[in-house]
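User: I have a model open and want to talk through a few parts of it. Can we start with a helix and go on to the ligand?

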Amino acid sequence: MTNFILGLDVGTTSVKAVLLATDSRTVSVSHALPTAADISDDGGIKAKEQDTGRIIDAVNRCVDELPTDKLRRVCGIGLSGQMHGVLLWRAKSGCDWSGGDFFIPRDTSQLITWQDGRCNSDFLRSLPKPDSHLNTATGFGCATLFWLMKHRPEFLEGFTVAGTIQDYVASMLCGLDGCVMTPQNAASWGFFNTSTNQWNESILKAAGFPLHLLPQCAPSGGLAGQTRSVWHSIPAGTPVGAALGDFQCSVYSCMSAPTDAVLNISTSAQLTFAMPAGFRPPDSPDSTSSISYFPYFDSSYLAVAASLNGGNVLATFVGMLTSWMRELGADLSESCLYEKLIHSALNQESSDLRVIPTVLGERHDPGSLGQVTYISTNNLSLGHVTRALCHGVLSNLASMMPAELLQNAGVSRIVGSGSALARNQVFRQEVERAFPFQVVYGKNADSAVGVAMVLSDRL
Ligand SMILES: Nc1ncnc2c1ncn2[C@@H]1O[C@H](COP(=O)(O)OP(=O)(O)O)[C@@H](O)[C@H]1O
Ligand SMILES: O=C(CO)[C@@H](O)[C@H](O)[C@H](O)[C@H](O)COP(=O)(O)O
C-alpha cells in the first residue's frame with residue numbers, strides 16, 4: 001500500500017496542500033485555496049497584517065479537500081510558508097481542538113507579515129548592529145518585535161511564544177509548549193547568525209529585546225515532533241517536519257542541476273541560484289545589495305534576488321480596477337478580471353509604456369516606489385498597461401540579478417515555479433524575453449511539493 005507525505009504551504013495569498021506518494025515521489029493529489037486574510041491598515045502605520053483565524057480556516061478546508069483514505073496513510077507532514085512574518089501566541093492555549101480532528105486558533109495575535117512597513121529607515125537605523133551577514137528590513141520578525149517592544153509593550157505582554165505562521169501550525173500539530181524554528185525561517189527574522197545557527201542573544205539582550213520570544217532552533221530538514229492527535233484523519237503520532245521557508249522549498253521542488261537558476265513568482269518573486277559547496281557569506285551585510293545569501297540545507301546557501309514585487313503587482317492592479325468599477329457601479333469577479341487582463345496583454349505583444357512596478361519598494365532601496373512613464377494617448381489600453389506591468393516585474397528582477405551575473409555563476413537554464421507564473425502566460429513571455437537562457441516550467445514546481453519532497457528524502 002502506498003504511503004503519502006502531506007506537503008502544506010501557507011503562502012501570503014493562498015494555502016496549498018499536496019499528497020506526495022513516497023514510493024514514486026510523485027504528486028498524487030493537490031489542492032489550493034485563497035486565504036483572503038488581509039486586514040486593512042486603519043492605524044496609518046503601514047501595517048500589513050493577516051487574520052490568523054482565516055489562514056487556519058483555509059488550511060483546514062484545504063486539507064479537508066484531500067481524499068480521506070489517502071490522509072489515513074500519511075506518514076509525514078511537511079510545512080512551509082511565508083517567511084519573515086511573526087505571529088504571537090500563548091503557550092498551552094494557542095489553539096482549540098474541541099471541534100473535532102482539527103484545531104482553530106485561540107490566544108494568538110494576527111500575523112504581521114513580510115509586507116509590513118511599520119519599521120521605517122529611522123527606526124531600523126536605531127536598532128543594534130546584528131552579528132549576521134543578513135541585513136534587517138521592515139517586515140522581519142525581530143524588527144517587528146523591536147517595534148512592538150517600543151510602541152506597544154503591553155501588547156507583547158499578552159503572549160509567551162512567537163514564530164512564523166508555518167512554525168505556529170507545526171507547534172499546534174505537535175502540541176509543543178514553545179516554538180521550533182529552522183535556520184531558513186530564523187535567518188528571515190534577522191539577528192540570526194547562519195554560521196553558528198544561533199540568535200544574536202547578547203546583542204538582543206543588551207537592547208532589552210524579549211529573549212523569551214525567540215524560538216528554539218532545529219535543523220532544516222529535521223523534525224518538530226509528532227502530531228498530538230488525529231488531524232483531518234491523519235493518524236496521531238505522525239512525524240511533523242520543522243517548518244521551512246517557502247522560497248527554499250520552491251527551489252527544492254524544481255532545481256535539478258547546479259547550472260539551474262530558479263525563478264519563483266507567487267505573491268512576491270525570487271530569482272536564485274545555488275552557491276558552490278563550501279561558500280561562506282561575508283561577515284557583515286551589504287544593505288545596498290539587491291542580492292542576499294539565504295541558508296538552504298546542510299550548510300549550503302542560495303544567492304537570491306528576493307523582490308517584494310511579484311504577482312502582488314498584478315493583484316494590486318486587479319484590486320484597484322475592482323474598487324474603481326465598484327465606485328462606477330460595475331461588477332466583475334477577480335478571476336474574470338485576471339482572465340481578461342491576461343488575454344488583452346497577450347494580444348498586445350509589447351508596449352512603449354514604462355512601468356516601474358515597485359509599489360512596495362525593495363529591501364535594498366525601500367524609498368524607490370513605483371512609476372509610470374512614457375504615457376501617451378496611444379498606450380492606455382488594458383493590453384498596454386497589463387503588458388507594461390508584467391514587463392516591469394521582470395525588468396525589475398533582471399535589474400536585481402542581471403543575466404550577466406547568472407552567466408558568470410555558470411547558470412545555463414531558468415526553471416520557473418509558483419502559481420502566478422503558472423497562471424499568467426504574459427509573465428512567462430516576459431521571463432523568456434528578459435533572460436537569454438532556456439526557460440523551462442517545472443511541473444508541480446512549488447513550495448508545497450518541495451516541502452513534501454524534503455520530508456520524503458529525509459524521513
Ligand atoms: N485568477 C488568476 N489568474 C492568474 N493569476 C492569478 C489569479 N489569481 C491570483 N493570481 C496571481 O497569483 C498570485 C498569488 O500566487 P500564490 O501562489 O497563490 O501566492 P502565495 O504562494 O504567495 O500564497 C497573485 O499575486 C496574482 O498575481
Ligand atoms: O524575501 C524572501 C526571501 O528572502 C521571500 O522570498 C520569501 O519567500 C517570503 O516567504 C515571501 O516574501 C513570501 O512568499 P510568497 O507568499 O510570496 O510565496
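This is a predicted model: local features need pLDDT of at least 70, side-chain atom pairs count only at pLDDT 80 or more; totals for chains, interfaces and linings use all residues.

Analyst: Helix H10 runs over residues 311–328, and at 1.5 Å a residue its 18 residues should span 26 Å; the end C-alpha atoms are 26 Å apart, so the two agree.

User: Which residues of H10 are buried?

Analyst: Gly-311, Asn-312, Val-313, Leu-314 and Phe-317.

User: And what covers them?

Analyst: The cover includes strand S19 (260–265), helix H12 (382–400) and helix H14 (419–422).

User: What comes just after H10?

Analyst: Gly-329, which takes a positive phi of about 90 degrees.

User: Now the ligand. How many residues surround ligand 1, and which are closest?

Analyst: There are 17 around ligand 1, the closest being Gly-11, Ser-266, Thr-267, Gly-311 and Tyr-338. Elements that give two or more residues to this shell are H10, helix H11 (334–346) and H14.

User: Which element gives the largest share?

Analyst: H10, with four residues.

User: How does the shell divide by residue type?

Analyst: Into 12 polar, four nonpolar and one charged.

User: Which domains does the shell draw on?

Analyst: Domain 1 (4–242) and domain 2 (254–445) each supply at least three residues to the shell around ligand 1.

User: What follows H6?

Analyst: Just after H6 is Gly-175, with a positive phi of about 65 degrees.

Definitions and conventions
Residues are numbered from 1 along each chain as its sequence is written. Chains are lettered from A and ligands numbered from 1 in the order in which they are written. The expected span of a helix is 1.5 Å times one less than its number of residues. A residue is buried if 20 or more other C-beta atoms lie within 10 Å of its own, exposed if 12 or fewer, and partly exposed in between; C-beta atoms are placed from the backbone. Two residues are in contact if their C-beta atoms, placed from the backbone, lie within 7 Å. A residue is near a molecule or strand if its C-beta atom, placed from the backbone, lies within 6 Å of it. Ala, Val, Leu, Ile, Met, Phe, Trp, Tyr, Cys and Pro count as nonpolar, Asp, Glu, Lys and Arg as charged, and the others, Gly among them, as polar. Domain bounds come from an automatic or database domain assignment.
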